Amino acid sequence: MQTWKEVIGQLKQTDFFKHAYAYQKQQRMLGINVFPPEDQIFNAFVYTPFEKLKVVIIGQDPYHEKGQAMGLSFSVPVGIPVPRSLCNIYKELTDDIPGFKIPNHGNLVPWARQGVLLLNTVLTVNEAQANSHKGQGWENFTDGVIKAISSGCSNIVFLLWGNNAAQKASLIDGAKHLVLTSAHPSPLSASKGFFGNHHFSKTNEYLLAHGKRPINWQLPEFLDGTEEL
């Protein structure tokens with residue numbers, strides 16, 4: 001069984017990784033606010049060990065407003081208002097998972113700890129400039145991660161929401177894994193196929209069918225952000 005250290009260690013030697021990492025560092029040195037903080041860029045791999053991996057949810061790039069990005073796609077720290085895309089994810093969960101209750105925060109670390117890799121295709125962004133680090137090499141790095149998961153694991157569920165994420169399907173062996181695609185949960189597109197996709201229940205049905213423990217999608221309530229996640 002591979003580890004993230006082995007997978008990412010190889011990718012870190014590539015020119016595209018070195019360029020992407022140097023680019024975000026240069027932006028910070030210029031005095032630009034870059035999100036997430038440098039020590040949180042790789043949080044997706046910190047919170048979800050390779051050997052626990054069950055589900056991959058692919059996002060685009062980090063939230064670009066102050067305090068939001070934490071290195072996990074769609075997730076924000078406790079105490080930060082829940083972004084609209086995540087509100088729509090919660091709405092679909094309410095319709096799809098019996099008894100799901102919308103939490104009072106947007107921190108998805110409890111999912112990550114269960115084996116849900118919350119991976120953005122681009123890992124850094126300038127403040128108030130969506131997609132500002134697009135094309136700097138992060139895409140090659142995260143494509144390499146997806147390929148490594150596809151080849152090194154079995155029976156992983158990939159949730160690809162929106163056109164950008166759907167393009168990653170070509171990197172995944174559909175004979176070994178479940179690939180689910182739909183519209184993005186953004187307010188601009190959620191009503192065009194995200195709502196009603198039942199991806200969360202389908203994920204758990206697949207995991208159970210392959211002898212894996214299903215994901216508990218219910219998130220705990222947090223009152224002041226000080227609780228251990």
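Buried means under 20% relative accessible area and exposed over 50%, with partly exposed in between (1.4 Å probe, protein chains only). The model is predicted, so local features need pLDDT of at least 70 and side-chain atom pairs count only at pLDDT 80 or more, while totals for chains, interfaces and linings use all residues. Residues are numbered from 1 along each chain as its sequence is written, and side-chain values use heavy atoms, leaving out hydrogens and water.

**Exercise 1.** Find which residues of helix 1 are buried and which on the other side are exposed.

Solution. 
- Step 1: helices (H or I, at least four residues) and strands (E, at least two) are DSSP runs, numbered from the N terminus.
- Step 2: helix 1 spans residues 4–11, and its buried residues are Trp4, Val7, Ile8 and Leu11.
- Step 3: viewed down the axis of helix 1, these residues fall within an arc of 85°, so they line one face of the helix. The arc is that of the directions from the helix axis to the C-beta atoms.
- Step 4: an α-helix has 3.6 residues a turn, so residues three or four places apart point the same way.
- Step 5: Lys5 and Gln10 are exposed on the other side of helix 1.
- Step 6: contact means heavy atoms within 4.5 Å. The buried residues of helix 1 pack against helix 2 (15–29), helix 3 (43–47), strand 3 (116–120) and helix 6 (138–152).

**Exercise 2.** Describe how helix 2 and helix 6 cross.

Solution. 
- Step 1: the two axes come within 7 Å and cross at roughly 130°. Axes are lines fitted to C-alpha atoms, for helices over the stretch in contact, and angles run from 0 to 180 degrees between N-to-C directions.
- Step 2: helix 2 and helix 6 are therefore oblique to each other. Angles under 35 degrees count as roughly parallel, over 145 as roughly antiparallel, 65 to 115 as roughly perpendicular and the rest as oblique.
- Step 3: helix 2 contributes Phe16, Phe17, Ala20, Tyr21 and Gln24 to the contact, and helix 6 contributes Trp138, Asn140 and Phe141.
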